[in-house]
Amino acid sequence: GRGLAAGVCLQFASYATMASAWHVITTTDTADASTKIKEGVVSSKIADQVTEENIRSFYWWEGKVQDDPEIRLSFDAPDKEKAVSTVAASHNYDVPMIIYPETTPTGFVMGELANATPEVAEKLVSSRLVACAQLSGASLAIKTTQEASASVNAVALEASGAVPTWQPIGGNEAYLKWVREEVKSGGHPEL
């Protein structure tokens, strides 16, 4: 696998209209890894269908912003714990991101920023205000801490003219620890 920093982009989202299902999203770096994850999900009867999409992932590693192509996989699952364990068992990253929306504050949030560009993603990651930013077309998915979200709003507004919509998240302990370590709360005076 590509290790901790590259393996951080897996997220869970539930739809309010689907109280008994979770919309699971993960990313990986190769077609072979994608196939292995999809086979694990389908053979475990977690989901009948997995959707695939090419994206760009931005994260901080080795003193600079990384910009890597990835494959985003998504599916609906009725059991988040089983989905988390199944995806983790078949994933090629050391620490895949496994998160899900919460209805109450957890200290961690994911945001969606419309009309984003690669430059906006790079600026947010280089500011160390977000741990991971995934660009799909002009939509940017951001993972950070609740504490840093106000500073993210300011940088995003200046860079793109918009602010993200936020959702509190929970997730696997290793990923949330990584987010906490990567995100520098409060922002930087030089921005």
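Residues are numbered from 1 along each chain as its sequence is written, and side-chain values use heavy atoms, with hydrogens and water left out. Because the model is predicted, local features need pLDDT of at least 70 and side-chain atom pairs count only at pLDDT 80 or more, while totals for chains, interfaces and linings use all residues.

Confidence first. pLDDT is the predictor's confidence in each residue, from 0 to 100. The chain average is 85, and 86% of the residues score at least 70. Residues 1-19 stay under 50, and the model gives this stretch 78 contacts beyond four places in sequence; a contact means heavy atoms within 4.5 Å. Residues 186-191 are also below 50, with 10 contacts beyond near neighbours in sequence.

Now the helices. Helices (H or I, at least four residues) and strands (E, at least two) are DSSP runs, numbered from the N terminus. Two packed helices are described by the angle between their axes and the distance between the axes. Here helix 1, residues 31-43, and helix 2, residues 80-90, have axes that come within 9 Å and cross at roughly 145 degrees. Those axes are lines fitted to C-alpha atoms over the stretch in contact, and angles run from 0 to 180 degrees between N-to-C directions.

Which residues meet? From helix 1 they are K36, I37, G40 and V41, and from helix 2 they are T86, V87 and S90. By type, this contact divides into 3 nonpolar, 3 polar and 1 charged. Ala, Val, Leu, Ile, Met, Phe, Trp, Tyr, Cys and Pro count as nonpolar, Asp, Glu, Lys and Arg as charged, and the others, Gly among them, as polar.

Next, strand 8, residues 139-145. Of its 7 residues, 6 are buried, where buried means under 20% relative accessible area, exposed over 50%, and partly exposed in between (1.4 Å probe, protein chains only). Two strands pair if DSSP finds at least two bridges between them. Strand 8 pairs antiparallel with strand 6, residues 108-113, over 6 bridges, and L113 stands opposite L140. Strand 8 also pairs antiparallel with strand 7, residues 132-136, over 5 bridges; there C132 has K143 as its bridge partner. The hairpin of strands 7 and 8 has 2 residues between the strands, and G137 takes a positive phi near 65 degrees.

Last, E158 in helix 4, residues 149-160. Why does E158 count as exposed? Because its relative accessibility is 59%. E158 and V120 are 38 residues apart in sequence and 9.5 Å apart in space, C-alpha to C-alpha.
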